[in-house]
Amino acid sequence: MPDRCEVLPGDSVVARRGGGLLWVDAPGSPALVAALHACLGVSGPGADRVLAAVAGTVSRLADGPASFALVLADPSGGAGVALWSGKGQPAVDGVPVSGSAVDGGTLASGFALGQTLYVGPGQPAAAMPPGVALDLVEGTVPGSGALLQLAATAAPSVAVPPATSLPSGESFTAGSDAGFGNSGRIADQPVVGQGGEQTAFWRPEPPAAPVLRFDDGMVVTVDEDLVLGRRPDGHDLVTSGNARPVPIADTQNVLSSAHAAIQRAGREVSLTDLGSLNGTHVAGPEATEWTQLEPGVPHPLADGDRLLLGWTVITFEQAPE
């Protein structure tokens, strides 16, 4: 089975890219969050020196209390590199990783990877009830920590001819760096859906429904009604089962918990502000000014329309008929 990364619900930030896994709680310190997030793409020899250099900037970039745990894992080599500070503490198979004190935190390198890898505050939290945790494949979402179950290295086996009669599977991804604004393109990673499992966001290929394309790379399929916000899981539309929550990482605290709703009626899709504090804005593909929506009044969306929620810019793309 593939790696499975369970994100525990919370208001901090959890990010995953490649072999990197990050938990950070640093409100008011976007520069520090961005610096840690940029490290997720680091791999190979010298990764420990990169983290040591980043550690030296923590005191300068942090504007107030900051806690984080960052791990760069190399499953093929069975080893990892980690940097943590404040309440952050990585753990392997439930055992906290040991490291050496450096400016700005604690650094560990060359430690062995086990079956599980945790990043978050203190000890791993208790197991979550089924259906509560999100399975993050790639991207950035709100969360109070993350537990990565590493896939065992497959042993060599007899070659099997490629299947030709099976239908193509779906590629699941949460290619999101929401809140960081300068992410590169992330390749899709195929994941086989398991019963009861769910990814944070998913994108079928080719798209059979409209999509919301975030300016940082995240793609969310509008296959049902959605509620977007900092922590939308508690909104009535979600708790009643009439909409799916789409959490957006918000290091600037400019998004409301349930900021806006996307609702479908056949091929027609509308955007509704849910009484957000900072408002929901929309602009056509060629428009040069944003129009603020009146709370509670649905606004029909057309292909290419741009949405502004806080500082998050999203483009609506209608699926071809």
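Is cysteine 5 buried or exposed? Select it: cysteine 5 is buried, at a relative accessible area of 0%. Keep in mind throughout that this is a predicted model.

**Cysteines**

Now select cysteine 39. Its relative accessible area is 3%, so cysteine 39 counts as buried too, the limit being under 20%.

**Confidence**

Color the chain by pLDDT. The average is 78, and 77% of the residues score at least 70. Zoom to residues 128–132. The pLDDT there is below 50, and the stretch has four contacts in the model beyond near neighbours in sequence. Move on to residues 153–207. Here, too, pLDDT stays under 50. The model has 90 contacts for residues 153–207 beyond four places in sequence. Where pLDDT is low, the predicted coordinates should not be read in detail.

**The seven-stranded sheet**

Show the cartoon and find the open sheet of seven strands. Read across it in the order S8-S9-S5-S4-S3-S2-S12. The pairing is antiparallel. Select residues 100–102 for S8 and 139–142 for S12: these strands stand at the edges. Each has a single partner strand, so one side of each lacks a neighbour in the sheet. From one strand to the next, the twist averages 15°.

Go to S2, residues 13–17, and S3, residues 20–25. They pair in the antiparallel sense over five bridges. Pick valine 13 and look across to S3: its bridge partner is valine 24.

Select residues 30–38. This is helix H1, and it packs on the sheet. H1 touches S2, S3, S12 and strand S4 (67–74). Compare directions: that of H1 makes about 170° with that of S3.

Then select residues 47–55, helix H2. Which strands does H2 lie across? They are S4, S8, strand S5 (79–85) and strand S9 (105–112). H2 runs at about 5° to S5.

**The five-stranded sheet**

The order is S17-S16-S18-S19-S22, and the pairing is mixed. Select 244–247 for S17 and 299–300 for S22. These two strands are at the edges. Each has a single partner strand, so one side of each is left open, without a neighbour in the sheet.

Finish on S18, residues 260–265, and S19, residues 268–273. How many bridges join S18 and S19? There are six, in the antiparallel sense.

Note on methods
Residues are numbered from 1 along each chain as its sequence is written. This is a predicted model: local features need pLDDT of at least 70, side-chain atom pairs count only at pLDDT 80 or more; totals for chains, interfaces and linings use all residues. Side-chain values use heavy atoms; hydrogens and water are left out. Two strands pair if DSSP finds at least two bridges between them. Helices (H or I, at least four residues) and strands (E, at least two) are DSSP runs, numbered from the N terminus. Axes are lines fitted to C-alpha atoms, for helices over the stretch in contact, and angles run from 0 to 180 degrees between N-to-C directions. Contact means heavy atoms within 4.5 Å. Buried means under 20% relative accessible area, exposed over 50%, partly exposed in between (1.4 Å probe, protein chains only). pLDDT is the predictor's confidence in each residue, from 0 to 100.
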